[in-house]
Amino acid sequence: MNLSLRDIEYFLAAVEHGNLGRAAAACEISQPALSKSLQRLEADTGLALLDRSGRGLRLTSAGLVFLEHAKKLWAEYRDAVRHAMELRLGEAGLLRVGATGATVDSIVMPALRLLLPRRPALRIQLTQGLSDDLNEQVASGRLDLAVTPLYADVPVVLHQEPIQEDRLCVAASRKHPLAARRKLALHDLQGLRWILPKPGAIARRALDARYAEAGLGLPAAALEVEHFSKGTLELLAHSDLLAIVPQSALGAERDIVTLPVSFGKPLQRRIALISRYATTWSPLMTEFRGAILDQAGQG
């Protein structure tokens with residue numbers, strides 16, 4: 001077997017675009033050249049990787065398995081090329097970090113306050129986004145590390161190192177009519193309006209699942225957000241709304257209380273440092289990890 005990294009690149013482009021013409025244009029080659037590359041890869045592996053019978057391209061069962069290995073191989077190759085280029089140009093000081101709205105201010109920025117004074121030549125490229133997207137960027141090699149909340153297993157190509165537990169809770173204004181109650185069930189919250197994560201967010205799905213298990217109608221959203229900013233918490237503190245909030249987001253908020261709602265089983269999540277398995281850790285990545293763990297231990 002004599003696999004070509006260029007053929008791997010073209011295979012990944014074909015899978016991403018699902019169309020030979022668009023993939024060829026993205027790779028800046030002709031469509032026949034792309035077709036030959038895919039045929040060569042299938043001949044080298046002895047596997048039928050793509051089903052071309054329909055209008056678009058679809059992965060075969062063998063192609064699905066091969067895809068994960070191809071992504072890992074291509075990401076490691078890109079890492080090697082980037083590190084070599086930075087060393088040649090004397091710019092081995094770049095660290096690409098991902099953070100969510102929930103982790104950028106509470107974890108990543110405090111870590112950078114520790115790290116940047118130690119490394120005057122350090123250059124950070126910080127990407128903020130949603131957990132699933134950031135994890136995918138780590139898997140593909142576009143990010144070195146990410147700090148994200150985790151509610152379920154991440155893809156097998158990723159390694160997760162827990163930083164801290166961060167339980168989800170129901171929060172409300174200290175002046176809310178339910179704030180004085182010592183015990184609440186989900187049915188006590190019926191008819192109230194919420195500040196909720198956007199539809200599809202894992203925390204939103206978890207809350208909806210608890211309501212469905214209890215045979216109740218889903219909570220009604222007055223406001224849907226990607227993360228709980230300072231302004232969102234101020235709105236919560238001065239309204240009759242409820243919110244499903246990470247415990248860490250509340251901090252020292254005096255005007256907001258956690259309601260004693262029984263969910264049956266807790267809504268758990270954790271914050272983790274995400275990296276690829278078997279990635280080559282640069283000294284900067286190791287130092288960033290140390291700063292993350294240092295500040296988490298101080299929190």
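Predicted model: local features only at pLDDT ≥ 70, side-chain atom pairs only at ≥ 80, totals over all residues.
Colleague: Is V81 buried, partly exposed or exposed?
Modeller: The relative accessible area of V81 is 38%. Buried means under 20% and exposed means over 50%, with partly exposed in between. V81 therefore counts as partly exposed.

Colleague: Which residues form the negative surface patch?
Modeller: One of them, E68, lies in helix α4, residues 61–89. The largest share, three residues, comes from helix α6, residues 131–140. The patch is formed by E68, D132, D133 and E136.

Colleague: What is the relative accessible area of E68?
Modeller: E68 sits in helix α4 and takes part in the negative patch. E68 counts as partly exposed, because that class lies between the 20% and 50% cut-offs. Its relative accessible area is 32%.

Colleague: Why is α6 described as largely enclosed by the rest of the structure?
Modeller: The buried residues of α6 are S131, L134, N135, Q137, V138, A139 and S140. The helix is largely enclosed because the buried ones number seven of the ten residues of α6.

Colleague: Which residue follows α6, with a positive phi?
Modeller: α6 covers residues 131–140. The residue that follows has a phi near 90°. That residue is G141.

Colleague: Where is E28, the residue that has a positive phi although it is not a glycine?
Modeller: The phi of E28 is about 60°. E28 counts as exposed because its relative accessibility is 73%, and exposed means over 50%. Its place is in the loop between α2 (20–27) and α3 (31–45).

Colleague: Which residues does L12 contact, leaving aside its neighbours within four places in sequence?
Modeller: L12 lies in helix α1, residues 5–17. At 14% relative accessibility, L12 counts as buried. The residues in contact with L12 are L67, A70, K71 and W74.

Colleague: How far apart in space are L12 and A23, C-alpha to C-alpha?
Modeller: L12 is in helix α1. Along the sequence, L12 and A23 are eleven residues apart. In space, the distance is 9.0 Å.

Colleague: And how far apart are the C-alpha atoms of V170 and G21?
Modeller: V170 has its place in strand β7, residues 168–173. Along the chain, V170 and G21 are 149 residues apart. Their C-alpha atoms are separated by 50 Å.

Colleague: Is V170 buried or exposed?
Modeller: Leaving aside neighbours within four places in sequence, V170 is in contact with W194, L242, A243, I244, V257, T258, L259, V261 and F263. Its relative accessibility is 1%. Since buried means under 20%, V170 counts as buried.

Colleague: Which strand holds R276?
Modeller: R276 is buried, with a relative accessible area of 6%. Among the residues that R276 touches are A75, E76, V138 and G141. The strand, covering residues 270–276, is β14.

Colleague: Which residues does D188 touch, not counting those up to four places away in sequence?
Modeller: D188 is found in the loop between β8 (184–185) and β9 (193–197). D188 is partly exposed, with a relative accessible area of 25%. D188 and L178 are 8.9 Å apart in space, C-alpha to C-alpha. The residues that D188 touches are L178 and R181.

Colleague: Now the whole protein: what share of its residues is buried?
Modeller: The protein has ten helices and 14 strands. Its C-alpha trace spans about 70 × 50 × 30 Å along the principal axes. Out of 299 residues, the buried share is 43%.

Technical notes: Residues numbered from 1 in each chain as written. Heavy atoms only, no water. Patch = residues over 30% accessible without salt bridge, like charges linked within 9 Å, V, L, I, M, F, W, Y side chains within 5 Å. Areas by Shrake-Rupley, 256 points an atom, 1.4 Å probe, with all protein chains shown as cover. Salt bridge = Lys/Arg side-chain N within 4 Å of Asp/Glu carboxyl O. Lys, Arg positive; Asp, Glu negative; His and termini not counted. Charge placed at Lys NZ, Arg CZ, Asp CG, Glu CD. Helix = DSSP H or I, 4+ residues; strand = E, 2+ residues; numbered from the N terminus. Buried < 20%, exposed > 50% of the residue type's maximum accessible area, 1.4 Å probe, protein only. Contact = heavy atoms within 4.5 Å.
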